[in-house]
Amino acid sequence: MWLRLRRCDDAGQAFPIYITVVAGLLFLAFAYLAVGQAAANRNGAQTAADAAALAAALDTRDQLAGQWIEDVLDPTQWQGIFDGNVPGVVNSCQRAYQLAAQNDAGKVNCALVGFLGYRVELESNEPVGDSIVPGTENIHSTASATAVIEPLCEFELPEEDAADDALPQLTCRDRNWDLDPDDLTVLPEPHDLFDVHLAD
């Protein structure tokens with residue numbers, strides 16, 4: 001009889017411990033879920049910021065490449081184009097706003113960084129959502145990204161005594177372009193002239 005009572009007593013003491021352990025595990029599970037929700041929301045915002053900044057930089061790169069093609073017969077204009085200092089090139093922040101909207105981001109701020117870069121800051125439209133952490137239902141992730149345009153080509157202007165229509169050899173990374181002013185059917189593509197990437 002005494003042994004039975006002792007076993008019942010032990011079971012009664014173990015039950016509150018069991019409940020406490022289960023409650024603790026549930027709390028940890030919900031906490032991890034909240035962290036996961038926040039991380040996913042943050043990653044979404046960062047992806048949107050990266051895409052928006054790159055879109056703006058790519059648009060400007062294409063404008064610069066187009067300007068280079070227009071001025072290909074005037075090498076004195078090339079350096080200004082490769083430096084990004086070209087009158088008439090339109091600020092490409094509108095592309096950043098479009099990409100941010102497509103990625104469900106709002107409150108977008110886009111700014112030109114020098115002549116060859118764009119910085120985008122934005123906020124996710126979707127909040128983190130309900131979780132065990134109070135207030136997360138109204139928290140929106142923020143993110144920022146900077147994309148830069150890097151000129152890839154070098155050249156030397158012709159000597160003064162060179163033929164008036166002579167064009168300099170254009171070296172872009174490991175490729176040399178010998179441009180013939182009488183045959184400009186094959187020219188570097190925008191990605192040959194400029195690289196676009198996110199800044200570290």
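In this predicted model, the side chains of R61 and D62 meet in a salt bridge with an N to O distance of 2.8 Å, a salt bridge being a side-chain nitrogen of Lys or Arg within 4 Å of a carboxyl oxygen of Asp or Glu. R61 is buried, with a relative accessible area of 15%, whereas D62 is partly exposed at 38%; here buried means under 20% relative accessible area, exposed means over 50%, and partly exposed lies in between, with a 1.4 Å probe and protein chains only. Side chains of opposite charge can pair when their charged atoms come close. A search of the whole structure finds 4 salt bridges.

A further salt bridge joins the side chains of E123 and K107, at 3.6 Å from N to O. K107 is exposed, with a relative accessible area of 68%, and its phi is near 50°, a positive value in a residue other than glycine. The side chains of R119 and E121 also meet in a salt bridge, with 3.4 Å from N to O; R119 is partly exposed at a relative accessible area of 34%, and E121 is likewise partly exposed, at 35%.

The model is predicted, and local features therefore require a pLDDT of at least 70 and side-chain atom pairs a pLDDT of 80 or more, while totals for chains, interfaces and linings use all residues. Residues are numbered from 1 along each chain as its sequence is written, and side-chain values use heavy atoms, with hydrogens and water left out.

The secondary structure of the protein chain comes to 4 helices and 7 strands, where helices (H or I, at least four residues) and strands (E, at least two) are DSSP runs numbered from the N terminus. Read along the sequence, these elements follow the pattern α-α-α-β-β-β-β-β-β-α-β. Of the 200 residues in the protein chain, 31% are buried.

Helix 1 (residues 2-70) contains A48, which is buried with a relative accessible area of 1%. The C-alpha atoms of A48 and A145 are separated by 9.1 Å, although the two residues are 97 residues apart along the chain.

The loop between strand 4 and strand 5 holds F155, which counts as buried at 17% relative accessibility. F155 and C172 are 17 residues apart along the chain, and their C-alpha atoms are separated by 8.9 Å. D165 is also placed in the loop between strand 4 (153-154) and strand 5 (170-172), but this residue is partly exposed, with a relative accessible area of 44%. On the surface, D165 gathers with D180, D182 and D183 in a patch of negative charge. Such patches are made of residues with over 30% relative accessible area and no salt bridge, like charges being joined within 9 Å and nonpolar side chains (Val, Leu, Ile, Met, Phe, Trp, Tyr) within 5 Å. Lys and Arg count as positive and Asp and Glu as negative, while His and the chain ends are not counted.

Two residues of the loop between strand 5 and strand 6 complete the description, namely R173 and D174. R173 is exposed, with a relative accessible area of 56%, and its phi is near 55°, a positive value in a residue other than glycine. D174 is exposed as well, with a relative accessible area of 83%. In space, D174 and L152 are 9.6 Å apart from C-alpha to C-alpha, and in sequence they are 22 residues apart.

Technical notes: Accessible areas come from the Shrake-Rupley method with a 1.4 Å probe; for residues, only the protein chains shown count as cover. The place of a charge is taken as NZ of Lys, CZ of Arg, CG of Asp or CD of Glu.
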